Structures are given as C-alpha cells and as structure tokens.
Amino acid sequence: MIMGYHDIMRMARTEEEREDIRERFFKRLDETRGEVDTSDIPEVTDFSHFVPGKPYVDRIRAHNLKVYEERRKRQQALEQPILTK
C-alpha cells in the first residue's frame with residue numbers, strides 16, 4: 001500500500017515533526033517540478049478548434065440518399081409480379 005502525505009502526517013507525534021515533514025515534502029515537491037521536459041509538446045496556435053460541419057453533414061446526406069435509392073430499387077423488384085406458366 002502506498003502511503004500518502006496525510007498518512008505520514010498522522011504518524012508524526014509532535015508539532016515539530018509535522019513541521020519538519022511538511023518542509024521536506026514541499027522542498028522535494030519544488031525540486032521535482034523543474035524536471036518535467038515539455039520540449040516535445042507542440043505550441044497551440046489556434047485556440048478556437050472550430051471545424052465546419054457542412055462536409056460531414058454532406059457525406060451523411062450522400063450516404064443516406066444512396067441507401068434510400070437501394071431500398072427503393074429493392075422494393076420495386078419485390079413489387080413486380082412473378083410471371084410463371
């Protein structure tokens with residue numbers, strides 16, 4: 001089980017121990033903050049993230065028209081009478 005900051009603070013018996021733990025914790029936290037390498041993260045230049053929806057809707061409409069046309073042809077083929085002798 002991993003112990004957290006609050007678990008360690010509960011183990012301290014005196015106020016001086018708590019202060020010492022708190023100081024060491026924040027010192028170690030400040031040391032590790034500078035170690036993060038962000039050089040490979042690209043810089044964001046367009047914050048709007050706007051993407052037009054018309055091309056997407058046009059593709060959906062074209063697909064739906066194609067499906068409706070196939071269904072109409074299939075229905076017409078079923079409605080034609082079967083001629084047998």
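A residue counts as buried when its relative accessible area is under 20%, as exposed when that area is over 50%, and as partly exposed in between. Keep those cut-offs in mind. The model here is a predicted one.

Start with Phe-25. Its relative accessibility is 35%, so Phe-25 counts as partly exposed. Now look at Phe-26. Its relative accessible area is 41%, so Phe-26 is partly exposed too. How many aromatic pairs does a search of the whole structure find? The search finds one. Phe-25 and Phe-26 form that pair. Their ring centres are 5.3 Å apart, and the planes make an angle of 70°. Planes over 60 degrees apart count as edge-to-face, so this pair gets that label.

Next, step back to the whole chain. The protein chain has three helices and zero strands. Along the sequence the pattern reads α-α-α. The radius of gyration is 34 Å, while the globule rule gives 12 Å for 85 residues. The chain's value is well over the rule's, so the chain is more spread out than a compact globule. Its C-alpha trace spans about 105 × 40 × 20 Å along the principal axes.

What about burial? Of the 85 residues, 4% count as buried. The chain exposes about 8,900 Å². Carbon and sulfur atoms supply 57% of that area.

Now turn to the empty space. Rolling a probe the size of a water molecule over the atoms shows where such space is left. The largest pocket has a volume of about 210 Å³. Which residues line the largest pocket? They are Gly-4, Tyr-5, Ile-8, Ile-21, Arg-24, Phe-25 and Arg-28. Phe-25, from the aromatic pair, is thus back in view as one of the lining residues. Helix H1 (5-11) and helix H2 (15-33) each supply at least two residues of the lining. H2 gives the most, with four residues. By kind, the lining divides into four nonpolar residues, one polar and two charged.

Finally, follow the chain past H2. Where is Ser-48? Ser-48 lies in the loop between H2 and helix H3 (54-79). Is Ser-48 buried or exposed? Its relative accessibility is 54%, so Ser-48 counts as exposed. Pro-81 is 33 residues from Ser-48 along the chain. The C-alpha atoms of Ser-48 and Pro-81 are separated by 59 Å.

Note on methods:
Residues numbered from 1 in each chain as written. Predicted model: local features only at pLDDT ≥ 70, side-chain atom pairs only at ≥ 80, totals over all residues. Heavy atoms only, no water. 1 Å grid on protein atoms, 1.4 Å probe; cavity = no way out; pocket = protein on both sides within 12 Å on 5 of 7 lines; lining within 4 Å. Points joined across faces, edges and corners; volume = space filled by probe spheres on them. Nonpolar A, V, L, I, M, F, W, Y, C, P; charged D, E, K, R; others polar. Phe/Tyr/Trp six-rings, centres within 6.5 Å; stacked < 30°, edge-to-face > 60°. Buried < 20%, exposed > 50% of the residue type's maximum accessible area, 1.4 Å probe, protein only. Rg over C-alpha atoms; globule rule 2.2 N^0.38 Å. Areas by Shrake-Rupley, 256 points an atom, 1.4 Å probe, with all protein chains shown as cover.
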